[in-house]
Amino acid sequence: MELREQLKHQIIEQLNLVDFRPEDIENDMPLFGSGLGLDSIDALELIVLLDNHYQITITNAEDGKQIFQSIDSLATYIEGQQS
Amino acid sequence: MKPCNELLISKPHVILDSIIIRKNHEIENREILRNIYKEESNTYPKFYKMDALSQLAFAGASILDNRGIFRAWNKERVGLLFINSWGSLESDMHHQKLIDTKNTAPSPSVFVYTLPNILIGELCIYFGWNGENLFMIDNKFDRSEWLDMAQSWIENNAVDHVIGGWVEYYQNEMALQLIILDKFCQP
C-alpha cells in the first residue's frame with residue numbers, strides 16, 4: 001500500500017476516528033483544527049504511531065507542528081527519514 | 001429531598017424513572033453503549049475515544065439530555081458526585097497490557113483514562129458544567145448516603161443541581177445508576 005494510504009488507515013485505527021474513511025482524508029487536509037479536528041492527545045498518539053510503525057522518534061515539539069500538518073507533510077517526513 | 005430522575009443502565013436494559021425505555025439486544029457492552037450514544041446524541045465524536053467507564057456515564061447523561069432534563073439547568077451550579085468500587089481498573093489494566101507489550105510504546109489516549117474521575121471531566125467539557133465534583137471509591141452503592149451528600153451540597157448553596165450515583169465498568173460487567181437531585185424539581 002502506498003505510504004499516504006497506509007498512514008490514513010493507521011491514523012483512523014489508532015485514533016478511533018470512526019466517522020472517517022481513508023477516502024475522506026485529503027492528502028493536504030489539516031490534521032488539527034478545521035480538518036480532522038485532532039487534539040493534543042491525538043498528537044501524542046501520532047508520535048507513538050511513528051515510533052511503533054516507522055521507528056522514528058520525534059524529540060523536538062516544534063518539529064511536530066510542521067510534520068503533523070497533513071498526510072502529505074507526514075509522508076514526506078517519513079520518506080526523508082527512511083532514505 | 002427526593003430524586004428528580006433516576007436512570008439505570010445494565011446489560012439487559014435501560015430504565016428511566018421505573019420505565020424500561022430500551023431492551024439491549026447487543027452481545028457486547030461496548031456495542032450497547034455505542035448504540036445508545038448513536039440513538040441519543042451522536043453529536044460528539046470524542047465519545048469513541050473515551051474509555052468504557054466514561055462512555056457509560058456519557059451514554060446515561062445523553063439519555064437524560066435528550067429528554068430535556070438539563071434544559072433549565074444553571075451550568076455554573078451543577079454538582080457531580082460519582083461512586084464505584086473498581087475505579088478505573090479496566091483502563092489501568094489495558095494500559096499495563098500495552099506497557100507489557102514488547103517493542104511498542106503505550107497509548108497516551110489509554111493512559112489519560114487511568115483515573116476514574118476523568119469521566120466527570122468528560123461530562124463537564126461536553127455539557128459546559130461547573131460546580132462541585134467528587135469521585136469516591138466504595139465497596140457498594142449506598143443510595144441514601146449518596147442522597148444525603150448530594151442534598152447537603154444543595155442545602156449549603158454550593159450547587160442547584162446534582163447528577164451522579166454509581167458507575168461501574170470492570171471485566172465486561174457494567175452498571176450505571178444515575179440520579180438527579182435538583183433544587184427546583186418537584187418529583
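Two strands count as paired if DSSP finds at least two bridges between them; strands (E, at least two residues) and helices (H or I, at least four) are DSSP runs numbered from the N terminus. The model is predicted: local features need pLDDT of at least 70, side-chain atom pairs count only at pLDDT 80 or more, and totals for chains, interfaces and linings use all residues. Residues are numbered from 1 along each chain as its sequence is written, chains are lettered from A in the order in which they are written, and side-chain values use heavy atoms, with hydrogens and water left out.

**View 1. The open sheet of chain B.** Seven strands of chain B form an open sheet with mixed pairing, in the order 3-2-1-7-6-4-5. Its edges are strand 3 (19–23) and strand 5 (133–137) of chain B, each of which pairs on one side only. From one strand to the next, the twist averages 15 degrees (axes are lines fitted to C-alpha atoms, and angles run from 0 to 180 degrees between N-to-C directions).

**View 2. Strands 1 and 7 of chain B, with helix 6.** Strand 1 (residues 5–9) and strand 7 (residues 173–182) of chain B are antiparallel and pair over 5 bridges. B:Leu8 has B:Gln177, in strand 7, as its bridge partner. Helix 6 (residues 143–155) of chain B packs on the sheet and touches strands 1, 4 (78–84), 5, 6 (161–170) and 7 of chain B. The direction of this helix makes about 35 degrees with that of strand 7.

**View 3. The interface of chains A and B.** Contact (heavy atoms within 4.5 Å) links 13 residues of chain B with 13 residues of chain A. The two chains bury about 940 Å² between them, 58% of it on carbon and sulfur atoms; buried area is the accessible area (1.4 Å probe) lost on being put together, summed over both parts. B:Tyr48, B:Lys49 and B:Pro108 supply 55% of the area that chain B buries against chain A, more than any other three residues.

View 4. The side chains of B:Lys49 and A:Asp42 meet in a salt bridge at 2.8 Å, N to O (a side-chain nitrogen of Lys or Arg within 4 Å of a carboxyl oxygen of Asp or Glu).
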